[in-house]
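Before we discuss this model together, please read the numbered points below slowly, with the picture open beside you. Each point takes up one topic.

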Amino acid sequence: SDTNARFILACWRYWRWTGDKQFLKAVSRRLRDAMRFQLNQMDGKSGLIASVSKDVQGRLGDQSDNYWDILPFGHLDAYNNTVFYASLGAMAEMDKALGRKSDVDYDALAKKVKSRYNATFWDKAKGRYIGCVDANGVRHDYGFTFVNIEALYYGLGDAAKAKRIYHWMETEPTSSGKPDTYAKFVFAPRATTIHNP
């Protein structure tokens, strides 16, 4: 469910890197189709995208809907909605570069997504974003470091949330019983800090 947003972001990054406006013109129809799918079929106009498959509802035992296929993701998925949010800004910028007036106010929708994202996925007590809310309304949280870091990178969290997130990753014990989110592996933090059975 994140591939449409990632396609938009990949084209945006390539265009930003190369300045190749011919490329941007050549892929603009496909970019609009990818965005339209997110807005209409995935209900992005509501402020959050949701999985379209009955097999991907975020419940334990369901199929996952993103790169992290062994973890419970689906339905209202924080990972997918992070890149959906980012794709809105990318589309706005590319449409402006092409002199194209969009039928969607991407800036207004991005504000709506940011508000719903924080209302849906922020866990105030734990000081981090959860992974998803499944089709039954159950919130799934295994201490997803990658969800939190990427949400901060794209600007979904403010400075207070960033402080809470990094405090959690730096000082709270993981499933090992030690605060080793960063120390367990040399190259990156743990993907999750809570055991996922």
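1. D62 has a relative accessibility of 25% and therefore counts as partly exposed, a class that lies between buried (under 20% relative accessible area) and exposed (over 50%), as found with a 1.4 Å probe on protein chains only. The partner of D62 is R59, which forms a salt bridge with D62 whose closest N and O atoms are 3.0 Å apart, and R59 is partly exposed as well, with a relative accessible area of 28%.

2. Please keep in mind that this is a predicted model, in which local features need pLDDT of at least 70 and side-chain atom pairs count only at pLDDT 80 or more, while totals for chains, interfaces and linings use all residues. Residues are numbered from 1 along each chain as its sequence is written, and side-chain values use heavy atoms, with hydrogens and water left out.

3. How many salt bridges does the count come to? The count is 11, where a salt bridge is a side-chain nitrogen of Lys or Arg within 4 Å of a carboxyl oxygen of Asp or Glu. Side chains of opposite charge can pair when their charged atoms come close.

4. The side chains of D2 and R6 meet with an N to O distance of 2.8 Å, whereas the closest N and O atoms of E150 and R6 are 3.8 Å apart. This second pair links distant parts of the chain, with E150 in helix 5 (residues 145–153) and R6 in helix 1 (residues 3–18), 144 residues apart; a helix here is a DSSP run of H or I with at least four residues, numbered from the N terminus.

5. Several residues of helix 2 are buried, among them L24, V27, L31 and L39. The buried residues of this helix pack against helix 1, helix 3 (78–98) and helix 4 (106–121), with contact meaning heavy atoms within 4.5 Å.

6. T181 sits in the segment after helix 6 (159–171), and this residue is buried, with a relative accessible area of 1%. A polar atom of its side chain lies 3.2 Å from the backbone oxygen of M169. Leaving aside residues up to four places away in sequence, T181 touches T145, M169, E172, T174, P189, R190 and T193.

7. Lastly, consider the cysteines: the structure holds zero disulfides, counted as pairs of cysteine sulfur atoms within 2.5 Å. C11 is buried, with a relative accessible area of 5%, and C132 is buried at 0% relative accessibility.

How values were computed
Helices (H or I, at least four residues) and strands (E, at least two) are DSSP runs, numbered from the N terminus. A polar contact is a pair of N or O atoms within 3.5 Å; within protein, one must be able to donate a hydrogen and the other to accept it, and residues adjacent in sequence count only if both atoms are side-chain atoms.
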